[in-house]
Amino acid sequence: MNTTLRWGLIGASTIAREWMIDAIRSMGGDVVSVMSSDRDRASAYADANRIPHATTSLDELLEKVDAVYVSTTNELHHDQVLRSARAGRHVLCEKPLALTVGEARGMVEACRALGVVLGTNHHLRNAGTHRAMREAIAAGRIGRPLFARVFHAVYLPAHLQGWRLTNPGAGAGVILDITVHDADTLRFVLADDPVEVTAMSQSAGLSQGEVEDGAMGAIRFSSGVLAQFHDAFTTAHAKTGFEVHGTDGSLIGTDCMTQKAVGDVLLRTASGEELLPIDRTNLYERSVARFAAAVAGDGEPAATGDDGVWSLAVAAAALESARTSRAVAIDPAQPTTKVSQ
Ligand code: NDP
């Protein structure tokens, strides 16, 4: 693994401050520059996070780094990823990759053509809980999977109650924020791709205007598995969870749709109940480590650009379904590959 990657942060964001800067440093990388649209915020962020260089110029940042982590608001990802790739920089981009599937697909194709690594920072497939469920299913421990249930209704913390609730132009709403993670985690755990989505959304008063702050829906997978999801910014007391129910057993993950390496997975079969052993590696550290390894020529990021296209395709279908009150097919011509392993 390349342990001396020089990283640039595109976006003076909360997620970088709370998780990714530490993860990059823990995995041996250097955070050498941060870019913000505002000079004072760039400087203050650099000082607070011990980053040696701050700028408002993407070109200036790109000159100093080997790889970038893009965590600006969602409408900016597309252009910033393309500019970084054209400068020959590897890119770990936040979800959703873009606001449309076509844009996301263009990002994947551009990075591939330019020979740079593109990863999507879907942290949940790095969770020991989800990896344990995926392994148990692959080992046949629940027989044939029939249903999945995702409980991802949370309360959006006060310090994040900004553009996500108010600004459709920035990709606001719970579906682009949380349903994308559900879609990616389902694809990863089930090792299957979605074919159809039906959803309803809710605006319960935390969000403004047309922006949804809650959603429920169902996804049909190519194997026939039906997966239901419940996502919200408005429920302060719900527990998160992820369940898969098969012909011979059930996997019941609790407290596992979260940023922390917590949660348990119970396997229930005719033989009884057992808690699966869980690796408690930090999710973001694993994401950074897999990305750095891919840059060094060893494997792929934990979630590739193609994975980001798939998760956005599900979210886009859920938004369309909620708007039109009909089921929406996922067009297999849009995402570029089958589920990555
Ligand atoms: P933030 O709102 O913290 O940051 C987004 C942008 O908002 C920043 O780039 C910054 O612009 C601007 N901004 C931040 N703080 C301020 C402020 N005090 N005043 C004015 N502007 C400010 O977003 P998040 O960190 O929550 O999310 C960023 C991205 O990361 C999104 O794409 C989101 O979907 C994703 N995300 C992913 C998570 C994961 O676990 N994978 C978890 C959380 C978010 P500028 O850079 O120009 O200064």
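Trainee: At roughly what angle do the axes of α8 and α10 cross, and within what distance do they come?

Mentor: This is a predicted model. In it, the axes of α8 and α10 cross at roughly 125° and come within 8 Å.

Trainee: Why is α8 called oblique to α10?

Mentor: The crossing is roughly 125°. Roughly perpendicular ends at 115 degrees and roughly antiparallel needs an angle over 145, with the rest counted as oblique. The value falls in that remainder, so α8 is oblique to α10.

Trainee: Is the crossing of α8 past α10 right-handed or left-handed?

Mentor: α8 passes α10 in a right-handed crossing.

Trainee: Which residues make the contact of α8 with α10?

Mentor: From α8 come Ile 175, Leu 176, Val 180, Ala 183, Asp 184 and Arg 187. From α10 come Asp 307, Trp 310, Ser 311, Leu 312, Val 314, Ala 315, Ala 318 and Leu 319. By class, the contact of α8 with α10 has 10 nonpolar, one polar and three charged residues.

Trainee: What makes α5 roughly antiparallel to α10?

Mentor: Their axes cross at roughly 175° and come within 9 Å. The cut-off for roughly antiparallel is an angle over 145 degrees. The value is past that cut-off, so α5 counts as roughly antiparallel to α10.

Trainee: Which residues of α5 and α10 meet?

Mentor: Val 101, Ala 104, Arg 105, Val 108 and Arg 112 of α5 meet Gly 305, Asp 306, Val 309, Leu 312, Ala 313 and Ala 316 of α10. These divide into seven nonpolar, one polar and three charged residues.

Trainee: Which residues make the contact between α4 and α5?

Mentor: On α4 they are His 77, His 78, Val 81, Leu 82, Ala 85 and Arg 86. On α5 they are Glu 103, Gly 106, Met 107, Ala 110, Cys 111 and Leu 114. Seven of the residues in this contact are nonpolar, three polar and two charged.

Trainee: How many residues line the second largest pocket, and which lie nearest its centre?

Mentor: The lining has 15 residues, and Glu 210, Val 211, Glu 212, Leu 319 and Arg 323 lie nearest the centre. The volume of this pocket is about 370 Å³. The elements giving two or more residues to its lining are α8 (174-190), β8 (194-202) and α10 (305-324). Of the elements, α10 gives the most, with three residues. The lining holds eight nonpolar, four polar and three charged residues.

Trainee: How many cavities of 30 Å³ or more does a search of the whole structure find?

Mentor: The search finds two. The second largest cavity has a volume of about 30 Å³. What makes such a space a cavity is that a 1.4 Å probe fits but cannot get out, whereas a pocket is an open set.

Trainee: Which residues line the second largest cavity?

Mentor: They are Leu 92, Gly 119, Thr 120, Asn 126, Ser 287, Phe 291, Pro 301, Ala 302 and Ala 303. At least two come from β6 (118-120) and at least two from α9 (283-295). The lining has five nonpolar, four polar and no charged residues.

Trainee: Is the peptide bond from Lys 95 to Pro 96 cis or trans?

Mentor: This bond is cis, with omega near -20°. Pro 96 sits in the loop between β5 (90-93) and α5 (101-114).

Trainee: What is phi of Asp 255 near?

Mentor: Phi of Asp 255 is near 60°, a positive value in a residue other than glycine. Asp 255 lies in the loop that joins β12 (249-254) and β13 (264-269).

Conventions. Residues are numbered from 1 along each chain as its sequence is written. This is a predicted model: local features need pLDDT of at least 70, side-chain atom pairs count only at pLDDT 80 or more; totals for chains, interfaces and linings use all residues. Side-chain values use heavy atoms; hydrogens and water are left out. On a 1 Å grid over the protein atoms alone, a cavity is a set of points where a 1.4 Å probe fits but cannot get out, and a pocket is an open set with protein on both sides within 12 Å along at least five of seven lines; lining residues have an atom within 4 Å of a point. Grid points are joined across faces, edges and corners, and a volume is the space filled by probe spheres set on the points. Helices (H or I, at least four residues) and strands (E, at least two) are DSSP runs, numbered from the N terminus. Ala, Val, Leu, Ile, Met, Phe, Trp, Tyr, Cys and Pro count as nonpolar, Asp, Glu, Lys and Arg as charged, and the others, Gly among them, as polar. Axes are lines fitted to C-alpha atoms, for helices over the stretch in contact, and angles run from 0 to 180 degrees between N-to-C directions. Angles under 35 degrees count as roughly parallel, over 145 as roughly antiparallel, 65 to 115 as roughly perpendicular and the rest as oblique. A crossing is left-handed if the near helix is turned anticlockwise from the far one by less than a right angle, and right-handed if clockwise. Contact means heavy atoms within 4.5 Å.
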